[in-house]
Amino acid sequence: MHLFRSYNYQVFPDRNAMERSTIRGISWTPLPEAVDSKETMKQFLSDRILKAARALYSYLMESNAGLIRDRKHHLKTYRQCSSGKELIDWLMKLNESFQSRSQAVGMWQVLVDEGIIVHVKQEVNFHDKDTQFYRFLDGEFGLSHATNEKDSEEELQEGLSLLSQMGPDALLTMILRKCPSQRTAEDLEVIYEELLHVKAAAHLSTSVRKELAAVLVFETHAKAGTVLFSQGDKGTSWYIIWKGSVNVITHGKGLVTTLHEGEDFGQLALLNDAPRAATIILREDNCHFLRVDKQDFIRILKDVEANTVRLEEHGKAVLVLEKSDDSASQGGSGNGSKYTVMSGTPEKILEHLLETVKLDSNGNDAADPCVSDFLLTYRVFMSSSHLCRALQHHGTYRSEPSEGSELEKAAYALNAKQKVVKLIGQWVALYGLLLKEDHATVGFLERLGNEVAEDSRLSNMLREQMRDRRRTRVLENGCQTLTRPSQQFDWFSSCEETVGKLQPIRAQDKVLYEIFRPDANPVTLTLPVNSSIQEILSSVVQSGGNHVLVKMNSMGDRAQLKLDATAVFTSLGLNERLFLCGASQVDQLTPLVEQQGPEQGTADTMEQMCSKDLANQLTNYDWELFTAMHEVELVYYVFGRHKFPGVTTANLERFVRRFNQVQYWVVSELCLCEDLMKRAMLLKKFIKIAAVLKEQKNLNSFFAVMFGLSNSAVQRLYKTWERIPSKTKRIYCAYERLMDPSRNHRSYRLVVAKLSPPYIPFMPLLLKDMTFIHEGNKNYSEKLVNFEKMRMIARTVKIVCGCRSQPYVPSSPQKGLADRMFLEAPAIRISTYSDHSLPLRSATHTRQYVQDLKVIDNQRRLTQLSRTRER
């Protein structure tokens, strides 16, 4: 069975000045003629789970039937059952790739939730214990379903794959159902990780989330229309919607709003000790909530206040710290606790971080993540020149203590300077050549470099740090040598660009602008990437005219650009173009023929290319784009590039545009292919490309291909879907589950958590996460920098750093998992190729093809083409 579900996940990098960054997430668009109801989805999953249970039960009876037998416990006999521990042991031996017993517990919990296996005492949670017994309901579900040996092996692997995908959700629900006092440390960590992605908890500090994990109560209600509480009731709990939605109703106004998954309600009555201000009614069946009772809520607030330290100067707070129970190895004082910066003035935050930097005998500091958090986000609340002045002040004026012997004063001064120099070394290592674009920063570094060169203790420490950095760069770039450093001291000696890869776009790089007049004649000119609209207009027309610059997409949507908007070149969409016209001519502009995309597809060309070769070249090119992007561009992009003078987000926007391009490439090729059989072969090829991309850990292009396949114009091609093999459909359905946006894309996050670098993450979701944090938290709290927000932003940015912490090695020609899944025999197909087709299969030609994809991004036209192919 194939579920026709339409997704759309396109990122629109509209970077006009003074406009807030916007990211449009997944849009679930049910088709009227498609089978797409919630009940159908539930039934579909139940059928697949039952099929998995039959395969698992059959193999259990074949390999170890003795696990199911009569059991005696506390003078009572339980007929034909297995112990929870034995079932876990058997499953762990069956698949050695399982990372923990809790993973296997989650898989059995799926079958418990479906009622396929039951606890002998009807308990709802699966327990990994010898004294907890479970029965398979063979008679009710027909688990002894006979299949041939080949099919049974295949069904077993598919069943294990499905249960391993669904297991984490079942395990989490099981943990939440536990009484809070019965949760283990591992359980609390699982809940805490989930709260990181819950909208209602986005503004909470780390310590508060951890306390919430220990007190949350899982509450469910089965029927829509159930009144959770009424206006005027006494406030007893705070609720977070875990699943489902509720209506908020007040006297006199009726329905005020609807709250959905991840949102919360009921907090105000607890804070103010006031009656409920509204009535909450369930909007749909089977709603789940996370509940925090009033006494726990108040206690957590008191704990936060008790663990908060406020430092004041001249009667005003300048730094707010929170005490946390972390080990001394994380920068604590050695007594089992440390103070984490929550908010403060930029200078005081920097001062505190410098004081916590630890230096060993070799001058190397124990890495404190707060320092890197600060360096990644400092531009949000202070300029680079401001940071330079603060560092100079700390290294110069705080280096002479008023008390102590001369020896102690000298040691203190050296220690302070070492910390400043060490932090600056980390700053340069993080930003690299980007700092060279700031003249004030370069001047500061030159002056400091001269001082360091005169002090052998500082220069030796810094040179050692740079050698370590060079070794790291060699590892990250996967090459053995980089340019040898010169003997003369240079802050940027380890920051040169890697030879042979796609070079990053710098803010002052010049690019070719192509601007069209109303008659479709182009004007070309070369200007810096960050040129403003005013500068572009001045280069094209004489001053005093009534000209405007307009960008227009393939659907004819027009946007007149403001004069102070910058970097418009990199913000253009796939088939978007710039037009120059008079203000009165804007409404008469029409898209160019070239904006409509290709008239014919490249199915014949793709037919002669191996799926794995296409996937390899897609991944190779994606890695070049991904590594050309500096991680700090994510910060500029989310907060608004116009707030950071002299920077560029061109490389990030180029990478994001690539996601959209690959997505529409899939849709365009399938809708342009006229022959039904070729279209079915092409559809199968794209599914295999997705499989290879996932195997190569290129999640960005994997999701681009999958969202292309889930586009409504592709999903409605029923005859095409009917002609692909059932096994290919099952693989597609398994991948489709990874696109499930529920619980903030939990299915995807669980997959990523198991990956080791290098891998390419799903970039639109990272941007969505950062936007979620940015919009849910203020930059300042009581006129102090909200450093807890900066820490959350930096944590997401560091995911990009982690993805690239190991060198990417291009895929080997050996058969991988995707090849075994599809079991294609390309040699048979190759024998039908002519000599003229051989160049098309070369790596060079394939690379050129994937780098220059021609697409249609007009959804209306794609839908029309789809209806032309299959009415």
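**Note on the predicted model: burial and salt bridges**

1. Of the 871 residues in the protein chain, 53% are buried (under 20% relative accessible area, with exposed meaning over 50% and partly exposed in between; 1.4 Å probe, protein chains only). This is a predicted model, in which local features need pLDDT of at least 70 and side-chain atom pairs count only at pLDDT 80 or more, while totals for chains, interfaces and linings use all residues. Residues are numbered from 1 along each chain as its sequence is written, and side-chain values use heavy atoms, with hydrogens and water left out.

2. The protein chain contains 33 helices and 24 strands (DSSP runs numbered from the N terminus: helices are H or I of at least four residues, strands E of at least two). Where contacts (heavy atoms within 4.5 Å) join residues at least 6 apart in sequence, 71% of them link residues at least 24 apart.

3. Salt bridges (a side-chain nitrogen of Lys or Arg within 4 Å of a carboxyl oxygen of Asp or Glu) number 35. One of them pairs Arg291 with Glu219 at 2.7 Å, N to O. Arg291 lies in strand E12 (residues 287–293) and Glu219 in strand E5 (residues 217–221), 72 residues apart. Arg291 is buried at 17% relative accessible area, and Glu219 is buried at 13%.

4. Lys294 and Asp273 form another salt bridge, with their closest N and O atoms 2.7 Å apart. Lys294 belongs to helix H9 (residues 294–306), whereas Asp273 sits in the loop between helix H8 (267–272) and strand E11 (279–282). Asp273 is exposed, at 57% relative accessible area.
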